[in-house]
Amino acid sequence: MEYLEFMWPMRHFLVTCGEIGGKSNIIALSFCMPVSKEPPLIACAVGKKAYSCKLIRSTKEFIINVPLEKLKPQIYYCGYHSGYQVDKFKETGLTPQHARKLKAPIIGECVAHMECKVRMEIETGDKNLFIGEVIEAYADEALVKGKKKVEYAKGDFPGKIYATRFKEE
Ligand SMILES: Cc1cc2nc3c(=O)[nH]c(=O)nc-3n(C[C@H](O)[C@H](O)[C@H](O)COP(=O)(O)O)c2cc1C
C-alpha cells in the first residue's frame with residue numbers, strides 16, 4: 001500500500017506564483033506543512049516538472065491561498081492543467097489581486113493568504129521542497145472568527161493528477 005493512504009485528509013491550497021500583470025500561475029497543492037514557528041516557515045512540495053516549480057525557482061516567492069469548498073472545480077482545474085499550456089486565471093475566472101508585499105498575485109476568491117519568500121530549496125524525489133518564510137499573512141474576518149470552515153482533501157482524487165502532462169514551451 002502506498003504510504004500516502006495513511007496521510008489523508010490533507011488540506012487543499014491554491015498556490016500562486018510569478019508576477020501580477022506578467023507571467024503568473026496557480027497550482028493546486030496539498031503537500032504543504034508548517035516547519036517552524038519562529039521564524040515562520042512553511043514547506044511546499046512542488047512537482048519538478050510543474051510550471052510553478054520553474055516560476056518559484058526564478059522569483060523566489062510564492063503565495064499560499066486558502067480556498068473554501070465551493071472553489072472545488074477551480075482547485076481541480078488548477079490541479080489538472082499546467083501553466084505551460086493554459087492561463088489558469090483566465091480559464092478559471094479566479095481574480096488576481098495585488099499582494100501586500102510580493103509581486104505574485106493573490107486570489108481574490110480565497111479566504112486567507114500567506115505571502116512567502118523562499119529561504120531554502122531541497123530536491124526530494126519527484127518534487128522540489130520550497131521552504132518559504134511567511135512575511136505576511138491575512139484572512140477574511142469571518143474565517144478568523146471561525147464562521148467559515150475550510151474543506152479537506154480526503155484522498156479521493158485519482159492518482160493520475162500526478163501524471164499531468166507537462167510540455168516545456
Ligand atoms: C487537490 C490537488 C492537490 C495537489 N497537490 C499537489 C502537491 O502537493 N504537489 C504537487 O507537486 N502537485 C500537486 N497536485 C498536482 C498539481 O496541481 C498539477 O500537477 C498541476 O497541473 C501543476 O500545474 P503547473 O504546471 O501549472 O504548475 C495536486 C492536484 C490536486 C488536484
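Select V46. Setting aside neighbours within four places in sequence, V46 is in contact with I27, L29, S52, C53, I56, K127, N128 and F130. Keep in mind that this is a predicted model. V46 belongs to strand 5. Is V46 buried or exposed? V46 has 26 C-beta neighbours inside 10 Å, so V46 counts as buried. V46 and L29 are 17 residues apart along the chain, and their C-alpha atoms are separated by 7.6 Å.

**Zoom out to the whole chain.** The protein chain has 169 residues, and 31% of them count as buried. Colour by secondary structure: there are four helices and eleven strands. Residues 24 or more positions apart account for 67% of them.

Seven strands make an open sheet, in the order 3-2-6-9-10-5-4, with antiparallel pairing. Strand 3 and strand 4 (32-36) stand at the edges; each has a single partner strand, so one side of each is left without a neighbour in the sheet. Look along the sheet next. On average, neighbouring strands are turned by 35° against each other, direction ignored.

**Select residues 112-123 and 127-139.** These are strand 9 and strand 10, paired in the antiparallel sense over eleven bridges. Find C116, then look across to strand 10: V134 stands opposite.

**Select residues 13-18 and 24-29.** These are strand 2 and strand 3, which run antiparallel and are joined by six bridges. The two form a hairpin, with five residues between them. Stop at G21 in the turn, where phi is positive, about 85°. Which residue of strand 3 is the bridge partner of G18? The partner is S24.

**Stay on strand 3.** Although strand 3 is at an edge of the sheet, six of its six residues are buried. Show the side chains. S24, I26 and A28 point one way, while N25, I27 and L29 point the other way.

Select helix 1, residues 51-59. Helix 1 lies across several strands, among them strand 2, strand 3 and strand 5. Against strand 2, helix 1 runs at about 55°. Then select helix 2, residues 72-80. Helix 2 lies across strand 2 and strand 3, running at about 105° to strand 3.

**Show the nonpolar core.** The largest one has 32 residues. Those with the most contacts inside it are L14, V15, I27, V46, F62 and I63. At least two core residues come from each of several elements, including strand 2, strand 3, strand 5, helix 1 and helix 2. Click on V15. Beyond neighbours within four places in sequence, V15 is in contact with I27, L29, C44, S52, F62, I63, I64 and N65.

**Finish at the ligand.** How many residues surround the ligand? There are 28, and the closest are F31, G47, S52, G79 and S82. Colour this shell by residue type: 17 are nonpolar, ten are polar and one is charged. Strand 3, strand 5, helix 1 and helix 2 each supply at least two residues of the shell. Which element gives the largest share? Helix 2 does, with five residues.

Terms used: Residues numbered from 1 in each chain as written. Predicted model: local features only at pLDDT ≥ 70, side-chain atom pairs only at ≥ 80, totals over all residues. Buried ≥ 20, exposed ≤ 12 C-beta atoms within 10 Å, placed from the backbone. Pairing = 2+ DSSP bridges. Contact = placed C-beta atoms within 7 Å. Near = placed C-beta within 6 Å. Nonpolar A, V, L, I, M, F, W, Y, C, P; charged D, E, K, R; others polar. Axes fitted to C-alpha atoms, helices over the stretch in contact; angles between N-to-C directions. Core = buried A, V, L, I, M, F, W, Y, C linked by C-beta atoms within 7 Å.
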